[in-house]
Structure formats: structure tokens, C-alpha cells
Amino acid sequence: MKGNRRSGRVKVSADGRGVVSHAGAALLRELATETGLAAAVTAALIDTYRGLPVHAPGQVFADLSVAVADGADAVSGIGVLRDREALFGLVASMPTAWRLLDRIDEPHLGRVQVARATARERAWRAGAAPDPAGELRIDFDATISIAHSEKENAAATWKKTFGFHPLLAFADRPEVAGGEALAGLLRPGNAGSNTATDHVTVLDMALAQLPEHARPRPGDPDSPRVLARSDSAGASHVFAAACRERGVGFSFGFPVDDRVQAIVDPIPDQCWAPAIEADGGLREGAWVAEATGMIDLSSWPDGSRLILRKERPHPGAQLSFTDIDGHRITAVLTDTAPRVIGGQAAGLELRHRQHARVEDRIREGKAAGLRNLPCRGFAENAAWLQVVLTAADLACWAKLICFTGVPSLARCEIAAFRYRVLHAAAQLTRSARQVHLRIDRTWRWAAQIADGFHRLRAAFA
């Protein structure tokens with residue numbers, strides 16, 4: 001007997017009522033309102049309008065950011081909210097969103113950044129703040145955004161591509177396996193990786209994003225501890241001096257040049273300590289030693305220290321001319337005093353190795369608007385970069401405020417966060433003059449999403 005292949009088909013019709021997708025995106029939109037982001041951006045841009053705008057510019061900016069977090073990679077992505085009027089209400093059209101970006105010129109870009117800092121302060125007060133007794137680590141790194149058409153200031157990059165070379169700064173938030181996007185400087189594609197003035201500019205932008213009580217106070221022993229981490233592209237005397245002047249510690253990758261190679265062999269075997277992992281275990285095949293007294297560091301700020309790590313390359317790795325005796329050598333320059341970080345030299349090396357997490361932040365950013373800068377004008381693309389950074393912040397704050405007790409939601413990357421939270425299906429019902437958003441009860445994370453809404457409202461009550 002042959003089975004009927006058609007018997008398993010479901011009946012399809014277009015007569016559903018009150019059904020909405022992307023219901024979880026309402027959480028980010030509500031967060032943008034509760035933190036005051038929408039209101040602050042409106043105040044920053046209202047002078048660019050002759051009269052009262054139909055759509056508040058701050059709400060348009062917030063909606064663009066939510067759409068980017070939801071997966072949009074162009075301005076037209078705001079349609080994901082506009083198409084769900086029953087859930088999100090009246091949302092600006094794509095031309096209105098384009099005009100918003102066009103209004104954010106260089107002076108107003110600074111005002112938008114101040115608005116983002118205001119929202120961050122409220123988010124931290126609501127529960128998204130890091131441990132005040134801990135060290136806030138700001139990771140610096142640059143990336144390439146490829147341009148597939150002619151755009152203002154797009155240029156050839158060092159990777160033989162064409163586009164832009166933005167420099168970014170993220171506050172490391174390991175408790176949610178994520179980071180807050182503090183600052184970003186849009187640069188032409190031919191901008192240098194180790195341009196010290198750009199690093200100083202981004203450092204100032206990042207510090208301005210911190211609430212007043214979290215900013216370092218030079219000379220104050222009770223100052224919050226802030227650390228700037230960068231690979232060797234940030235290891236410049238100018239940037240190190242700027243960090244010291246602002247009360248910020250530094251941990252930079254240090255070039256393994258002839259001077260460093262010459263001091264590796266003379267270090268006695270007993271001076272090499274095993275490298276450690278974040279869980280306290282030993283890192284197999286890796287050793288760490290301090291070499292501060294073996295190299296001239298007088299041109300760097302007082303108290304600078306040099307930490308070396310030698311490690312057996314993984315099977316199949318291509319050795320380079322800087323590898324010594326079959327070991328790959330890396331170096332870290334830091335001004336952290338002894339006994340501040342546990343584990344001595346190994347602890348300092350581990351702390352710097354965790355700078356690699358910034359690559360995850362950039363990879364997630366490229367999955368949320370950073371891969372493509374959609375505008376032709378440079379100022380508009382700089383405004384789009386602020387939208388992208390805000391989207392990253394909203395996702396990070398939502399995890400910190402709403403889902404800290406749910407590791408599968410708090411520690412997932414943006415693609416999984418969309419699937420599990422932002423794209424959840426729900427039903428809208430109305431009764432007793434109230435609108436009720438009913439998350440699909442068969443969804444694995446339905447209860448956690450509903451609880452996330454409750455936590456958000458309680459945090460800002």
C-alpha cells in the first residue's frame with residue numbers, strides 16, 4: 001500500500017488575526033524608550049526641523065537601531081517594524097529614515113553621542129552596570145567595511161579591498177559574553193591601523209560614554225579602574241601617554257622585534273611560569289615570563305612592564321621568522337603595577353589575551369549593520385555607524401537587565417538572540433481597553449521572554 005504524500009500537508013490560508021512575528025523586538029524598542037534614548041536623540045536633533053516633525057527623530061533613530069539588531073543591513077530594514085503596525089504603532093517610512101541620517105552632520109553627531117551616553121547612564125542605573133569594584137576593560141580594534149559602490153571617502157585598504165576602516169572601542173562585558181559599543185570613528189579605507197591620534201580620539205569618545213561616576217580620575221586613589229586594551233597597532237608612545245594623562249591603564253600588544261627576540265633565549269627556564277586559562281587551569285604548551293629589566297622601556301610611561309609568552313604552535317600552524325626554537329613568541333606591554341592582578345605575569349598575560357574577544361564583538365557587529373555602510377555620503381555613513389553601535393548596546397543591555405539568569409539567552413551571539421528572542425511569534429489580543437501580547441506558548445523560551453518584559457519594566461519602575 002502506497003502512502004499519500006499529500007496527506008501530511010497543512011492547509012494554508014491568509015486569514016489569521018492578531019498574529020505577529022518579531023514580537024521580541026518590542027523588548028528592545030521599549031528599552032530604547034525607558035533609557036531615554038529616543039527622547040535624548042529627539043532633543044539633539046529637533047533644531048534641524050522647521051516645525052514639529054510627524055515622527056520624532058529620536059524614535060526614528062531608535063527604530064532604525066532596533067531594526068539593525070533585528071537583522072536589517074540597510075535603511076529599508078526599518079520596514080520590519082513598519083509592517084507590524086498593530087505591535088509597534090506608526091513607524092517612519094524608509095525615506096523619512098534616510099532624511100534622518102542626512103540631518104546628522106558633524107555637530108549633531110556629537111549631540112547624538114551625548115544622547116547615547118545619557119541612555120547608558122540610565123541603563124546602568126537599571127541594572128546593566130558592571131561591578132564598580134572591578135576593572136572596566138575597553139578594547140580597541142579596527143576593521144574593514146567593504147564598499148561595493150562608489151562612496152564618499154571610500155578608499156583602497158591594506159587588504160587590497162575597497163571601503164572604510166573604522167576604529168572601534170567596546171567595553172568588555174564577559175558576564176553576558178558580549179560588549180557595549182562605546183565608540184566608533186569612521187575612517188577612509190586607507191587610514192592606518194596604528195594612527196595614534198585616531199586611538200586618542202576614540203579613547204576620549206569612549207570615556208565620554210561612561211557615566212560620570214565610572215570615569216577615571218587621574219591622581220585619585222579611589223578612582224574607578226579603567227584599562228585600554230589593544231593589539232600592537234595601539235602600542236604607540238602617544239596613545240600610552242594619553243592613557244596615563246587620563247588615568248587609564250593600558251595593555252598593548254608589543255611588536256616582537258630584534259630586541260625582543262634577543263632576550264628570549266637568555267631567560268632561564270625556571271623563570272618561565274605556565275600560562276593560565278580563565279577557569280584557573282593551565283594552558284598546555286605555553287609559558288610566561290616578565291622581561292621588564294631586560295629591555296629599555298625608558299621611552300614609555302613610568303612603571304611600564306614587558307610580559308613575554310612562548311607557546312608551541314598548534315599542529316599545522318605556519319611558523320614565522322619571529323618564532324624561536326619552535327615556539328611562537330608574543331609580547332605584552334602594560335603599566336599595571338605588581339600584585340594588582342592575580343597570577344602575577346601569567347595573570348597579566350591572560351588579561352591581555354582576552355582582548356581577542358573584541359574580534360567576536362566586531363564579527364557580531366558585521367552581522368548587525370557594520371558589514372555594509374549603506375549611504376553614499378560620508379556624514380550619513382558616520383550616522384549609520386552610530387545606529388549600529390546603538391543596536392549593539394540595546395542587545396547588550398537587554399541581556400544584562402532581562403536575561404542574566406538565563407544563560408542560553410544572556411550568553412548567546414546576536415544571530416541566536418534574534419532566533420530565540422527577537423523573532424519570536426505572538427498573538428495580539430485586546431480586552432478591557434488593554435492590548436495583550438501573548439508569546440507562542442510552544443516556543444522554548446516563551447516564559448523567559450515574558451519574564452524579560454516584566455524585569456525590564458520593574459527595572460525602570
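**View 1. Strands E14 and E15 pair in the antiparallel sense over six bridges.** In this predicted model, local features need pLDDT of at least 70, side-chain atom pairs count only at pLDDT 80 or more, and totals for chains, interfaces and linings use all residues. Residues are numbered from 1 along each chain as its sequence is written, and side-chain values use heavy atoms, with hydrogens and water left out. Strand E14 covers residues 426-431, and strand E15 covers residues 434-439. Helices (H or I, at least four residues) and strands (E, at least two) are DSSP runs, numbered from the N terminus. Two strands count as paired if DSSP finds at least two bridges between them. E14 and E15 form a hairpin with two residues between them. In the turn, Ala432 has a positive phi of about 50°. Ala426 stands opposite Ile439 in E15.

**View 2. Strand E1 is joined to strand E14.** E1 (residues 19-20) runs antiparallel to E14, and two bridges join them. Val20 has Ala426 of E14 as its bridge partner. Ala426 also stands opposite Ile439 in E15.

**View 3. Strands E3, E5 and E4 form an open sheet, in that order.** The pairing in this sheet of three strands is antiparallel. E3 (145-146) and E4 (155-156) are the edge strands, each pairing on one side only. Two bridges connect E3 with E5 (residues 162-164). Ile146 has Gly163 in E5 as its bridge partner. In a regular strand the side chains alternate between the two faces of the sheet.

View 4. A salt bridge is a side-chain nitrogen of Lys or Arg within 4 Å of a carboxyl oxygen of Asp or Glu. By this rule the model has 33 salt bridges. An α-helix has 3.6 residues a turn, so residues three or four places apart point the same way. Arg125 is exposed, with a relative accessible area of 59%, and Glu121 is partly exposed at 32%. Buried means under 20% relative accessible area, exposed over 50%, and partly exposed in between (1.4 Å probe, protein chains only).

**View 5. Asp335 forms a salt bridge with Arg244.** Their closest N and O atoms are 3.4 Å apart. Asp335 lies in the loop between strand E13 (328-334) and helix H11 (344-353), and Arg244 lies in helix H9 (residues 237-245), so the pair ties together parts that are 91 residues apart in sequence. Asp335 is buried, with a relative accessible area of 15%, whereas Arg244 is partly exposed at 34%.

**View 6. Glu311 and Arg309 meet in a salt bridge.** The distance from N to O is 3.1 Å. Both residues are buried.

**View 7. Six residues are linked in a network of salt bridges.** They are Arg116, Arg120, Arg173, Glu175, Glu180 and Asp393.

**View 8. Helix H6 (residues 94-103) has buried residues.** Thr96, Ala97, Leu100 and Leu101 are buried. They cover an arc of only 145° around the axis, which puts them on the same side of H6. The arc is that of the directions from the helix axis to the C-beta atoms. The buried residues of H6 pack against helix H2 (37-45), helix H3 (57-69) and helix H13 (378-402), where contact means heavy atoms within 4.5 Å.
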